[in-house]
Amino acid sequence: MGDTRKVAAGEELPLTGVGEETDRKLSSIFVEPFDMQPGVQYGTRSQTIIAVWRDGRVEQRERYIEKEEGHGQGGKHKWVWKEAKHSFHMMPALQQQQQQQDAGLCTA
């Protein structure tokens, strides 16, 4: 998902009216942050994957970009990728209903 090399070629290039060079940058699934206008940056800010296993395990992973304090080389902002991971377990509805019945919390 972070591959900036896969860009549209020739006839596949979208024509958005912002120029061929910018269109090429925008055609990638991952857009490396760049200056659209002075003071305005554009690019991919986050990537999220959610995986659900048959046993009810769920994992959500997110990669997101943040500006680092200070400035990078050439007066440009330095961007830093960070990651977050959340895991939990989904209980199948029938199993949950059975547990509630066993605990006397509901009647079926």
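**Entry 1: a charged pair**

I began with Arg61, which forms a salt bridge with Glu59; their closest N and O atoms are 2.5 Å apart. This is a predicted model, so I read the distance as computed.

Next I looked up Glu66, which makes a salt bridge with Lys82, with 3.0 Å between the closest N and O atoms. Glu66 sits in strand β4 and Lys82 in strand β5, so this pair ties together parts 16 residues apart in sequence. Both are partly exposed, Glu66 at 32% and Lys82 at 36%. I also found that Glu59, Arg61 and Lys85 belong to one network of salt bridges that share partners. The structure holds six salt bridges.

**Entry 2: the sheet**

Which strands make up the open sheet, and in what order? I get three, in the order β3-β4-β5, with antiparallel pairing. The edges are β3 (46–52) and β5 (79–89), each pairing on one side only. On average, neighbouring strands here are turned by 10° against each other, direction ignored.

I followed β4 (residues 57–67) along β5 and found 11 bridges joining the two. Lys67 stands opposite Trp79 of β5.

**Entry 3: the hairpin**

I then went to β1 (residues 34–37) and β2 (residues 40–42), which run antiparallel and are joined by three bridges. Gln37 stands opposite Val40 in β2. Two residues lie between the strands of this hairpin, and Gly39 takes a positive phi near 80°.

**Entry 4: helix α1**

Thr22 is in helix α1 (residues 20–26). Is Thr22 buried or exposed? I have it as buried, at 17% relative accessibility. Beyond its neighbours within four places in sequence, Thr22 is in contact with Phe34 and Met36. I also noted Asp35: Thr22 and Asp35 are 13 residues apart in sequence, with 10.0 Å between their C-alpha atoms.

Glu21 is exposed at 59% relative accessible area, while Lys25 is partly exposed at 34%.

**Entry 5: confidence**

Last, I checked pLDDT. The chain has a mean of 79, and 83% of its residues reach 70 or more. Confidence is highest in β3, at 92, and lowest in helix α2 (residues 93–102), at a mean of 74.

Methods. Residues numbered from 1 in each chain as written. Predicted model: local features only at pLDDT ≥ 70, side-chain atom pairs only at ≥ 80, totals over all residues. Heavy atoms only, no water. Pairing = 2+ DSSP bridges. Helix = DSSP H or I, 4+ residues; strand = E, 2+ residues; numbered from the N terminus. Axes fitted to C-alpha atoms, helices over the stretch in contact; angles between N-to-C directions. Buried < 20%, exposed > 50% of the residue type's maximum accessible area, 1.4 Å probe, protein only. Contact = heavy atoms within 4.5 Å. pLDDT = per-residue confidence, 0-100. Salt bridge = Lys/Arg side-chain N within 4 Å of Asp/Glu carboxyl O.
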